[in-house]
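Please brief me on how this protein model holds together.

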Amino acid sequence: MRLGRAEGVLVLLTPAGATAGVDTRGAPAGTRELDLLDPSALVPRVHAIVLTTGSLAVAGGAVSWLAEHHHGYPVGAEPDWVVPIVPTAALGVDPTPDAYRACATATEPPPAAYALVGPTSAAAVVVVDALLTKAECRRVAMSAQDAFPRAGLTLPTTVFAVATDNPVEASVNALCTAAANALLTALG
């Protein structure tokens, strides 16, 4: 996993795929591919998570970068026959973010949590160092939502939880608490 940044966009790049879950509260400005994170969906892993101050179209840059590098859900026999899975939360206030550039320059290891807060909505990602199912990731995302009211923010929010797939000795409840605390710290 690597974190890429460009003005107005954060991309958590997981080219090999990662298990993820999501929780949305209120009416966020824009979301994309959240249904694929439902535990009943057949797509098992995501290849990036995009948070942007721009529109949902920004995710196209991450999709293009991943497809050019043959990362995505396989849909055929050839290595370039892939569909990158890129769930996105957009705040819709800035027309210019560049997710392609964020992917191309991604080098930083991701922090435990990061967030974007706009005037009418907010989005955040928490990275959990654990081997979790999609349902467990969703539970972690739901618990991490507690950080917003604790920080005094009462906006529509979308929180993604992404597992690193490292087996650790921690209960899901402990991970939920850690995720909420990490997101609260990120909201500063």
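D98 pairs with R101 in a salt bridge, their closest N and O atoms 3.8 Å apart. A salt bridge here is a side-chain nitrogen of Lys or Arg within 4 Å of a carboxyl oxygen of Asp or Glu. The model is predicted: local features need pLDDT of at least 70, side-chain atom pairs count only at pLDDT 80 or more, and totals for chains, interfaces and linings use all residues. Residues are numbered from 1 along each chain as its sequence is written, and side-chain values use heavy atoms, with hydrogens and water left out.

**Salt bridges**

- By this rule the count is six salt bridges.
- D98 is partly exposed, at 30% relative accessible area. R101 is also partly exposed, at 43%. Buried means under 20% relative accessible area, exposed means over 50%, and partly exposed lies in between (1.4 Å probe, protein chains only).
- E108 forms a salt bridge with R5, with closest N and O atoms 3.3 Å apart. E108 sits in the loop between α2 (99-104) and β9, and R5 in strand β1, so the pair ties together parts that are 103 residues apart in sequence.
- E108 is partly exposed at 33% relative accessibility. R5 is partly exposed at 44%.
- R45 forms a salt bridge with D165, and here the closest N and O atoms are 2.5 Å apart. R45 lies in the loop between β4 and β5 and D165 in the loop between β11 and α5, so the pair ties together parts that are 120 residues apart in sequence.
- R45 is partly exposed, at 29% relative accessibility. D165 is partly exposed, at 22%.

**Backbone with positive phi**

- Most residues other than glycine have a negative phi.
- D165 is not a glycine, yet its phi is positive, about 70°.
- E33 is not a glycine either, and its phi is positive, about 60°. E33 lies in the loop between β4 (30-32) and β5. E33 is partly exposed, with 25% relative accessibility.
- G8 takes a positive phi near 80° in the hairpin of β1 and β2, which has two residues between the strands.

**Strands**

- Helices (H or I, at least four residues) and strands (E, at least two) are DSSP runs, numbered from the N terminus. Two strands pair if DSSP finds at least two bridges between them.
- β1 (residues 2-6) and β2 run antiparallel, joined by five bridges. G4 stands opposite V11 in β2.
- β2 and β5 also run antiparallel, and six bridges join them. V9 has T52 in β5 as its bridge partner.
- Nine of the ten residues of β2 are buried, so the strand is largely enclosed by the rest of the structure.

**Nonpolar cores**

- A nonpolar core is a set of buried Ala, Val, Leu, Ile, Met, Phe, Trp, Tyr and Cys residues joined through side-chain atoms within 4.5 Å.
- The largest core has 22 residues. Those with the most contacts inside it are L12, I49, L51, Y114, V125, F160 and V162.
- Elements giving two or more residues to this core are β2 (9-18), β3 (20-25), β5 (46-52), β9 (113-117), β10 (122-128) and β11 (157-163).
- Another core lies apart from it, with 21 residues, among them A124, L132, A161 and L175.
- I49 is in contact with L10, V11, L12, P87, V125, F160 and V162, leaving aside neighbours within four places in sequence. Contact means heavy atoms within 4.5 Å.

**Helix α3**

- In α3 (residues 134-144), K134, C137, V140, A141, S143 and A144 are buried.
- Their cover includes β3, β10, α4 (147-150), β11 and α5 (172-187).

**The loop between β9 and β10**

- S121 is in this loop. S121 is buried, with a relative accessible area of 1%.
- Not counting residues up to four places away in sequence, S121 touches P28, A29, L91, L155 and P156.
- T120 is in the loop as well. Leaving aside neighbours within four places in sequence, T120 is in contact with L155 and P156.
- T120 and A144 are 24 residues apart in sequence and 19 Å apart in space, C-alpha to C-alpha.

**Surface patch**

- Y73, V75, W81 and V83 make a nonpolar surface patch of about 370 Å². Patches are made of residues with over 30% relative accessible area and no salt bridge; like charges are joined within 9 Å, and nonpolar side chains (Val, Leu, Ile, Met, Phe, Trp, Tyr) within 5 Å. Accessible areas come from the Shrake-Rupley method with a 1.4 Å probe; for residues, only the protein chains shown count as cover.
- V83 belongs to strand β7 (residues 82-83). V83 is partly exposed, at 39% relative accessible area.
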